[in-house]
Amino acid sequence: MSNSRPIKTVEMHTGGEPLRIITEGYPEICGDNILEKRRYVRENLDHLRHLLMFEPRGHFDMYGALLLSPSNPEADFAVLFLHNEGYSTMCGHAIIALGRYAVDQQLVQVCEPITTVKIECPCGLVVASVEVTKGKSGKVSFLSVPAFAFSIDQELNVEGYGSIQYDIGYGGAFYALVSATQLGLDVKSSPSRDLVDAADAITSAVKSAIKLSHPDSDDLAFLYGTILTDGRDTYSSDPTANICVFADRQVDRSPTGSGVTARIAVQFSKQMIKTNQPRVFESITGSLFTAEIMENFPLDPHETVRVKVSGKAYYLGESTFSYEEGDEIGRGFLLK
């Protein structure tokens, strides 16, 4: 990257969680499918992730989306997700923002009152539905890839916190799910650093204790993070709160689209929720997602669900970034 090759982005947020959509400036991405492209970017172009996600252009909790031509013939476009540690397999808050972006940039044929946007993600094809009124995009819903409970009611000793009970759910990415009350914490009132420390310790412990697997690809079989909840998993019309800590202690400001999908899948496995029972999920910013099971079916070796997640995204502006030769700090850094 040099002064003559700027990178252009559109800045959005969903529930307070940022999304930097990279629209121009990346070199060609090699690979026959989305997972191969994800590996190529990780192995050959990671310096650009540092440049855009890290300071001084970004920050510790910045999140990005790189738009690509799809390899899936059903998809309108493909996307790779970027964060402080690497590249995730699914991101619900990004899908909600990209749904609006695709309509507003006419990346798809726009129809009223609902425009369908098919997005190829590393976890599979995700279909978003965008409300459109008089040509203006609004609320977005998406239908998840098959989600499931990987394990439930497990116990593990976590250094500094003792024995805890946890579940593991998959909603496009794998999460450990833990009630914060076990840790003497409250997801709505405890200091965020205390919540992050606890979630990070749980992630490390679970990674050491559990080997994950996914029926589609080994590239999907990794623990993305831990979601601390308010423990209110039994179905209720009242909102249930959670905080998602993923990648390298990164905190999601939104309720986490793939995270609430994983929570719903675990709740279904525990017979705490049925199909077509909408639940409201609240984040640390007070933003809300609504989620409900649309269908369930077996997918060896799991009983899976497809979850519809709904939320709102907003525009923040546009950016053009460059790199000046000799600026070593400008290559990107993080303060932890």
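1. Helix H4 (residues 192-209) contributes 3 residues to the lining of the largest pocket, the most of any element. Helices here are DSSP runs of H or I with at least four residues, strands are E runs of at least two, and both are numbered from the N terminus. Please keep in mind that this is a predicted model: local features need pLDDT of at least 70, side-chain atom pairs count only at pLDDT 80 or more, and totals for chains, interfaces and linings use all residues. Residues are numbered from 1 along each chain as its sequence is written, and side-chain values use heavy atoms, with hydrogens and water left out.

2. Now the pocket itself. Its volume is about 270 Å³, taken as the space filled by probe spheres set on grid points that are joined across faces, edges and corners. A pocket is an open set of points on a 1 Å grid over the protein atoms alone, where a 1.4 Å probe fits, with protein on both sides within 12 Å along at least five of seven lines; lining residues have an atom within 4 Å of a point.

3. Who lines this pocket? The residues are Phe60, Asp61, Ser192, Arg193, Val196, Asp248, Arg249, Val251, Ile284 and Lys336. By class, the lining holds 5 charged, 4 nonpolar and 1 polar residue. Asp, Glu, Lys and Arg count as charged; Ala, Val, Leu, Ile, Met, Phe, Trp, Tyr, Cys and Pro as nonpolar; the others, Gly among them, as polar.

4. The whole structure has 8 aromatic pairs, meaning rings of Phe, Tyr and Trp (its six-membered ring) with centres within 6.5 Å; planes under 30 degrees apart are stacked, over 60 edge-to-face and the rest tilted. Phe222 and Tyr224 pair edge-to-face, at 6.4 Å centre to centre and 85 degrees between the planes. Tyr224 also pairs with Phe246: the centres are 5.1 Å apart and the planes at 45 degrees, so this pair is tilted.

5. Tyr63, Tyr175, Phe222, Tyr224 and Phe246 make up one aromatic cluster. Buried means under 20% relative accessible area, exposed over 50%, and partly exposed in between (1.4 Å probe, protein chains only).

6. Finally, Ser190 sits in the loop between strand S11 (174-179) and H4, and is buried at 17% relative accessibility. The Ser190 side chain reaches the backbone nitrogen of Asp186 at 2.7 Å.

Notes
Polar contact = N/O pair within 3.5 Å; in protein donor to acceptor, adjacent residues only side chain to side chain.
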